[in-house]
Structure formats: C-alpha cells, structure tokens
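Q: Hi, could we go through this structure together, one piece at a time?
A: Of course, ask whatever comes to mind.

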There are 2 protein chains.
Amino acid sequence: MAEQTRAEDIANRLRRSILHGTLPPGAPIKERDTAAEMGVSRTPMREAIRILANEGLLLLRPARSPVVASPTLAEVRDAIEVLSALELLSVRLACDRATEADLDEIRRLERELSDNFTTLDDIDRFEVDMAFHLAIVRAAHNPALAGTHRSYLGRLWRARFLSARRKSSRDSVVSQHRAIVAGLETRDSAAAQASLQAHLDRLLANVRAFFETETETEIGPEASGAD
Amino acid sequence: MAEQTRAEDIANRLRRSILHGTLPPGAPIKERDTAAEMGVSRTPMREAIRILANEGLLLLRPARSPVVASPTLAEVRDAIEVLSALELLSVRLACDRATEADLDEIRRLERELSDNFTTLDDIDRFEVDMAFHLAIVRAAHNPALAGTHRSYLGRLWRARFLSARRKSSRDSVVSQHRAIVAGLETRDSAAAQASLQAHLDRLLANVRAFFETETETEIGPEASGAD
DNA sequence: TTCGGGTGTTTGGTATACCAAAATGGTTGA
DNA sequence: TCAACCATTTTGGTATACCAAACACCCGAA
C-alpha cells in the first residue's frame with residue numbers, strides 16, 4: 001500500500017495541531033525552525049506548507065512566515081455558502097444514486113450519533129457528525145464533488161467544531177439527521193434537501209453566534225491556545 | 001506588484017500548452033527533461049507540476065512521469081455537475097449582491113460576444129464566453145466560490161472548448177446569455193437560474209456528443225496534436 | 001524628536017547532488 | 001516459447017547550500 005511521503009506526514013501533524021488548537025489562529029509556521037524541530041529538511045516542510053495552504057488552513061504571505069489561518073466571519077460565511085450548495089447537490093444526487101450499502105452506512109452513522117450523543121466527548125461526537133455528512137457525499141458517487149467538499153470541510157473544521165461545542169442540542173441535531181436519512185430512504189429529494197437546508201441554516205446561526213462571543217471575550221490570537 | 005515565481009511561470013506555460021492541445025491528453029511530462037528544455041531546475045518544475053495536478057490538468061502517478069489528464073466522459077460529467085451547482089449559486093447570490101458596476105461589466109461582455117460572434121475566432125469567442133461567466137461569479141461577492149469555480153473552469157476548459165467548437169450556435173448562446181442578464185437586471189433569481197440551467201443543460205449535451213464522436217474517430221492520444 | 005538611510009536578519013525561491021524504490025528490458029534456463 | 005531473474009534506467013523525494021529580496025531595527029542628522 002502507498003505509504004505517506006514525509007511531506008504528507010508533516011502536513012498531517014500540522015493539520016492536527018491546527019484543528020485541535022495547539023497551533024492557534026495567527027501563529028506563524030517558520031519554515032526553517034519548524035523543519036529543524038521536526039528533524040526534517042526544508043523541502044518536505046515547504047511541500048507540507050503548500051498542502052495546508054491549499055486546504056485553507058495556512059495563509060501564505062510574501063517574504064514572511066505563513067500563519068495559521070484566522071478566517072473572519074465573512075470568510076466562514078462565504079465558505080458555508082459554498083459548502084451548502086455542495087451538500088445540497090450531494091443529497092440530490094444521493095437520492096438518485098445511493099446503493100443499499102451506502103444507505104446502510106448512512107443509517108449506521110446516524111444511529112451511532114443518536115445512541116451515543118451524550119456519552120461521546122466533543123471531538124468524537126463531532127467526527128461522527130462529519131462522517132455522516134461524508135457518507136452522504138460518497139453516496140452521490142461523484143469524485144469531483146467529494147474532493148471539493150472535503151477541502152471545504154478542512155477549511156471549516158475549526159469554526160464548525162468550536163461553534164458546535166457552544167450549542168450541542170441533541171434533539172435538534174438528531175431529528176434533523178433522521179429527517180435527512182428518511183428523505184434518502186424514500187428517495188424524496190425535496191424532503192431530504194429541505195431537512196438538510198434546515199441543518200445548514202442552524203450551522204450558520206451557530207457560527208454567527210460563535211463569532212459574536214469571540215469578539216466580545218477574546219483579546220487576540222495570543223489569548224487563545226498557549227504555545 | 002507581485003511578480004510570478006518561476007514555478008508559476010512554468011505552470012502557466014504548461015497550462016497553455018495543455019489547453020491548446022500542444023500537449024495532448026496522455027502525454028508524459030518528464031520532470032528532468034522538461035526542466036532542462038525550459039532551462040530551469042527541478043525545484044520550480046516540481047512545484048509547477050503540483051500546481052497543475054491540483055487543477056486537474058495533470059495526473060500524478062507513483063514512480064512514473066505525470067501525464068496530461070485525459071478525463072473520461074464520466075469525469076467531465078461529474079465536474080459539470082459541480083460546476084452547475086456553483087454557477088447556479090453564483091447567479092442566486094449575484095441577483096442579491098451585484099453592484100451597478102458588476103451589471104455594467106456583465107452587460108458589456110454579453111454585448112461583446114453577441115456583436116462579434118461570427119468574427120471572433122474560436123479561442124477568442126470561447127474566452128469572452130468564459131469571461132462572462134466569471135463576471136457573474138465575481139458579482140456574487142464570495143471569494144471562496146470564485147476560487148473553487150475557477151479551479152473547475154481550469155479542469156473543464158479543454159472539454160468545453162473542444163465541444164463548443166463542434167456546435168457554435170450563435171442564436172442559442174446569445175439568447176441564453178441575454179436571458180441570464182435580464183434575470184440579473186430585474187433581480188429575478190428564479191428566471192436567471194432557469195436560463196442558466198438551460199445553458200448548462202446544453203453544455204452537458206454538447207460534451208456528451210463530443211465524447212461520442214471522440215470514441216468514433218480518435219485512435220488514441222498519439223493521433224491528436226503532433227509533438 | 002522625527003525622519004531617513006544603512007545594515008543585519010529573516011525569508012522564499014532556486015540549484016544541485018544524492019538516495020532509494022520502482023519499472024522496464026534483456027537474457028537465460030527449463 | 002514462456003517465465004523468472006538480474007541489471008540498468010528512470011523516477012520521486014529529500015538534504016543542503018546559496019541568492020536575492022523584504023523587513024525591521026538602530027543610529028545619525030536635521
């Protein structure tokens with residue numbers, strides 16, 4: 001099986017640090033220093049930085065170190081607009097193309113979330129939620145869509161994760177997921193899209209609320225996640 | 001102003017060759033040889049190859065030279081499905097957000113195409129057509145959408161260009177563009193989306209017809225564009 | 001005290017060499 | 001004639017050094 005290159009490995013480690021907050025928004029990634037810390041040369045480090053910049057997690061600046069992206073509310077909202085179009089397309093295509101195996105997997109993930117909603121910790125619950133949406137996209141059987149959707153998940157991960165922690169309303173999430181599954185099972189595209197739209201509207205509202213409290217309580221990048 | 005890096009310059013030159021057919025589908029891009037031909041080192045060549053692979057124009061293979069992508073009908077169709085969702089979103093947002101300057105630019109491009117349809121050569125006409133669609137996306141004022149849309153234009157460019165050459169029906173294209181502009185001007189999102197949908201349906205039909213004749217008349221990558 | 005210039009440091013980009021792995025082609029033996 | 005093995009070539013990835021540009025800081029002069 002294809003092993004990861006050193007660049008991919010470095011990118012994964014940095015991505016994890018960014019998504020989990022160890023590298024907070026605004027933190028610089030000094031190419032030479034970080035390469036030395038990881039015991040690698042600049043070439044794979046440079047490649048890894050490129051990978052993460054393409055995913056929207058790092059912001060490249062001319063003649064300066066790249067920094068961890070710190071998307072504004074407008075940028076997050078813009079990305080959610082595109083994500084919404086992609087997820088609505090995936091639901092529409094999945095209604096037409098999902099196999100029984102696809103539907104089984106989607107049901108399994110829906111059940112896993114609803115059965116364990118209060119016992120899962122924040123990160124695990126969030127990842128099951130993401131897996132649910134990814135399973136729907138896979139059921140659309142359109143690799144181009146899957147790739148683009150995945151890149152939006154990357155760039156929106158932290159905003160979604162942090163906003164979801166503020167308001168994890170079990171009944172609402174679970175009922176919306178169930179409604180989406182029901183629409184898929186009955187191949188009722190309009191119903192499935194309407195349920196997903198409600199879910200996405202709630203996401204946008206949560207993100208807005210999150211940014212509002214961010215500007216009230218946070219001083220700046222330094223005030224978050226210690227280095 | 002920010003000049004291009006050598007890698008970006010190389011990527012642009014290779015992209016042009018790919019899009020214009022000088023480098024046909026399936027042609028290998030040998031990193032060392034092509035770098036030597038262009039008088040550059042492997043480092044920027046490697047970076048340029050990465051850029052084009054991210055745009056879907058090159059296909060990377062393990063332990064083999066990358067080749068010019070040769071998308072199948074299924075891959076092109078998949079990409080058009082996503083492009084359609086993105087363009088429909090852009091029209092919907094543009095109905096809400098377009099400034100008068102945006103509308104002026106869209107009108108100007110529509111007029112340029114309709115006034116010069118038969119006198120423009122294939123490439124120029126195609127590029128005005130693309131500029132028209134790009135202007136609508138700009139009018140949506142969503143940079144994330146603009147970026148993703150641009151990457152789909154890149155990967156679909158050749159299929160669209162070659163299929164458009166087969167059937168360049170002036171009256172149909174021009175009337176659909178006018179209908180889209182009218183919808184934008186009156187901020188009638190439903191009408192603008194319906195006109196765009198018709199335009200996109202025709203694109204898909206053209207691409208299908210193109211692939212059907214491709215499989216009938218073409219022997220293989222060697223039979224197209226001499227090297 | 002402020003502004004401008006110079007110097008040093010940091011940085012991205014590039015060139016080049018080397019390594020290891022994979023693929024391909026040829027030869028030999030059954 | 002076919003299959004297997006070996007050698008050579010091709011390839012991507014990585015390490016390291018160097019260069020030029022940009023930025024920041026300090027000092028001197030007005």
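Q: Which residue does A:Glu81 form a salt bridge with?
A: In this predicted model, A:Glu81 pairs with B:Arg97 in a salt bridge, and the closest N and O atoms of the two are 2.4 Å apart.

Q: Why would those two kinds of side chain pair up at all?
A: Side chains of opposite charge can pair when their charged atoms come close.

Q: How many salt bridges are there between chain B and chain A?
A: The count between chain B and chain A is four salt bridges, and over all chains the count by this rule comes to 26.

Q: And how many residue pairs are in polar contact there?
A: Between chain B and chain A there are 12 residue pairs in polar contact, counting pairs in which both residues are at pLDDT 80 or more.

Q: Which parts of chain B supply the side that touches chain A?
A: At least two residues each come from H3, helix H4 (73-97) and helix H7 (143-166) of chain B, and the largest share, nine residues, is from H4(B).

Q: What sort of residues are on that side?
A: On the side of chain B that touches chain A, 10 residues are nonpolar, four are polar and six are charged.

Q: How many residues are in contact overall, and how much area do the chains bury?
A: The contact involves 20 residues of chain B and 20 residues of chain A, and the two chains bury about 1,500 Å² between them, with 48% of that on carbon and sulfur atoms.

Q: Why quote an area for an interface?
A: The size of an interface is often given as the accessible area lost when the parts come together.

Q: OK, switching to the DNA. Which residues come nearest to DNA strand D?
A: There are 21 residues around DNA strand D, and those that come nearest are A:Arg6, A:Ser41, B:Arg32, B:Arg42 and B:Arg46. Of the atoms of DNA strand D that come within 4 Å of the protein, 60% belong to sugar and phosphate.

Q: Which elements make up the surface near DNA strand D?
A: Both protein chains take part, with helix H1 (6-19) and helix H3 (42-54) of chain A, and helix H2 (31-38), helix H3 (42-54) and strand S2 (64-68) of chain B, each supplying at least two residues. By type, the residues of this surface divide into 11 charged, six nonpolar and four polar.

Q: What about DNA strand C, which residues come nearest there?
A: DNA strand C has 21 residues around it, and A:Arg32, A:Arg42, A:Arg46, B:Arg6 and B:Ser41 come nearest. Sugar or phosphate makes up 59% of the atoms of DNA strand C within 4 Å of the protein, while the rest belong to bases.

Q: You mentioned S2 of chain A. Which way does S2(A) run against strand S1, parallel or antiparallel?
A: Strand S1 (residues 58-61) of chain A and S2(A) run antiparallel and are joined by three bridges, and A:Leu59 has A:Val67 as its bridge partner in S2(A).

Q: How many residues lie between the strands of that hairpin?
A: Two residues lie between S1(A) and S2(A), and A:Ala63 in this hairpin takes a positive phi near 60 degrees.

Technical notes:
Residues are numbered from 1 along each chain as its sequence is written. Chains are lettered from A and ligands numbered from 1 in the order in which they are written. This is a predicted model: local features need pLDDT of at least 70, side-chain atom pairs count only at pLDDT 80 or more; totals for chains, interfaces and linings use all residues. Side-chain values use heavy atoms; hydrogens and water are left out. A residue is near a molecule or strand if one of its heavy atoms lies within 4 Å of it. Helices (H or I, at least four residues) and strands (E, at least two) are DSSP runs, numbered from the N terminus. Ala, Val, Leu, Ile, Met, Phe, Trp, Tyr, Cys and Pro count as nonpolar, Asp, Glu, Lys and Arg as charged, and the others, Gly among them, as polar. Contact means heavy atoms within 4.5 Å. Buried area is the accessible area (1.4 Å probe) that two parts lose on being put together, summed over both. A salt bridge is a side-chain nitrogen of Lys or Arg within 4 Å of a carboxyl oxygen of Asp or Glu. A polar contact is a pair of N or O atoms within 3.5 Å; within protein, one must be able to donate a hydrogen and the other to accept it, and residues adjacent in sequence count only if both atoms are side-chain atoms. Two strands pair if DSSP finds at least two bridges between them.
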